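Visitor: I would like to walk through a protein model with some plain questions. Please show it to me before we start.

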Amino acid sequence: GRKSKEEITQLCIKNTEYLLSRGCKLIAVPCNTATTNSISYLRGHYDIPFIGIEPAIKPAALNSATGKVGILATKGTLTSELFNRTQRAFTKDVNTIEIVGTGIVELIESGKKDSEEMRNLLVSITEPFMISGIDYLVLGCSHYPYIKDMLQELLPSRVKIIDSGAAVARQTYHILKEFNLLNDQISSGHHELFSNLNPVVLDLLTNEVKDRKVSYLDF
């Protein structure tokens, strides 16, 4: 979230090239920062479908009763052109409180998502949301659903927390169907997961995923 647009795009190109070498027929970009900075480039340079993700501002703004919506995201997402365009389109009568989740990703990727250190960090981060009286909190980073339960404990019960995960899954199915790319096999698939950090942490984070193989990728 702190990298420049150019750095983010180069990382997206590297990841895309690797996935294409593995024979991928569709690539989801479940990263708000990567989507908001680089999805247009990827779609213009590669001949496969890309599914992007961005903070779910629209449903939060449309359903807010208080007219105050919190957005927790990385700096890269909050300062991107796509994010600001989406925000202008759907929050004309809504006050948005934007907070950069500094330190959250680092703790999650260190295996400390349930730690006291994380709780203390979130107490500090959520204070402006508490003071402003939001009734919706939008998670603008694909890491943040891992701390959704802890956020819900810290925030008032009236606050609804939303992310884009379900919408991305629905759109992925829709695009696969539209391009006649759905797999018609009835056998269960398997999942190959790669990390350029400690694969043990990724293995723990994905322990609900069946038939998975987690590997270190020296990127």
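This is a predicted model: local features need pLDDT of at least 70, side-chain atom pairs count only at pLDDT 80 or more; totals for chains, interfaces and linings use all residues.

Visitor: Is D47 buried or exposed?

Guide: A residue counts as exposed when its relative accessible area is over 50%. D47 has a relative accessible area of 81%, and therefore D47 is exposed.

Visitor: How many Å apart in space are D47 and T96, C-alpha to C-alpha?

Guide: Along the sequence, D47 and T96 are 49 residues apart. In space, C-alpha to C-alpha, the figure is 37 Å.

Visitor: In which helix is T33 found, and is T33 buried or exposed?

Guide: T33 is found in helix α2. The cut-off for buried is under 20% relative accessible area. T33 has 8% relative accessibility, so T33 counts as buried.

Visitor: What distance separates the C-alpha atoms of T33 and N15?

Guide: These two residues are 18 residues apart along the chain. Their C-alpha atoms are separated by 14 Å.

Visitor: Which residues touch the most other members of the largest nonpolar core?

Guide: The largest nonpolar core has 25 residues. Several elements each supply at least two of its residues, among them β4 (95–100), α7 (116–132) and β5 (136–140). The residues that touch the most other members are L72, I104 and L137.

Visitor: With which residues is L137 in contact, leaving aside neighbours within four places in sequence?

Guide: Contact here needs heavy atoms within 4.5 Å. With the sequence neighbours left aside, the partners of L137 are G70, I71, L72, F129, L151, L155, V159, K160, I161 and I162.

Visitor: How many residues are in the second, separate core?

Guide: This core includes A73, L78, F83 and I162. The number of residues in this second, separate core is 13.

Visitor: How many disulfides does the structure hold, and why is C31 in no disulfide?

Guide: A disulfide is a covalent bond between the sulfur atoms of two cysteines. The two sulfur atoms must lie within 2.5 Å to count as a disulfide. The cysteine sulfur nearest to that of C31 belongs to C141 and is 6.4 Å away, so C31 is in no disulfide under that cut-off. The total number of disulfides in the structure is 0.

Visitor: What relative accessibility does C141 have, and what is the relative accessible area of C31?

Guide: C31 is partly exposed, with a relative accessible area of 31%. C141 counts as buried, and its relative accessibility is 9%.

Visitor: Which element gives the most to the lining of the second largest pocket?

Guide: About 320 Å³ of space lies in the second largest pocket. Its lining has 18 residues, and those nearest the centre are G52, I53, E54, A167 and V168. Both α2 (32–45) and α9 (165–178) supply at least two lining residues. The element that gives the most, with 5 residues, is α9.

Visitor: How many residues of the lining of the second largest pocket are nonpolar?

Guide: The lining also holds 4 polar and 4 charged residues. The nonpolar residues in the lining number 10.

Visitor: What phi does N180 have, and where is N180 found?

Guide: Most residues other than glycine have a negative phi. N180 is not a glycine, yet its phi is positive, at about 55 degrees. N180 is exposed, with a relative accessible area of 71%. N180 is found in the loop between α9 and β7 (191–195).

Visitor: What value is phi of D211 near?

Guide: D211 lies in the loop between α10 and β8 (212–216). D211 is a residue other than glycine with a positive phi, near 50 degrees.

Technical notes
Residues are numbered from 1 along each chain as its sequence is written. Side-chain values use heavy atoms; hydrogens and water are left out. A nonpolar core is a set of buried Ala, Val, Leu, Ile, Met, Phe, Trp, Tyr and Cys residues joined through side-chain atoms within 4.5 Å. Buried means under 20% relative accessible area, exposed over 50%, partly exposed in between (1.4 Å probe, protein chains only). Helices (H or I, at least four residues) and strands (E, at least two) are DSSP runs, numbered from the N terminus. On a 1 Å grid over the protein atoms alone, a cavity is a set of points where a 1.4 Å probe fits but cannot get out, and a pocket is an open set with protein on both sides within 12 Å along at least five of seven lines; lining residues have an atom within 4 Å of a point. Grid points are joined across faces, edges and corners, and a volume is the space filled by probe spheres set on the points. Ala, Val, Leu, Ile, Met, Phe, Trp, Tyr, Cys and Pro count as nonpolar, Asp, Glu, Lys and Arg as charged, and the others, Gly among them, as polar.
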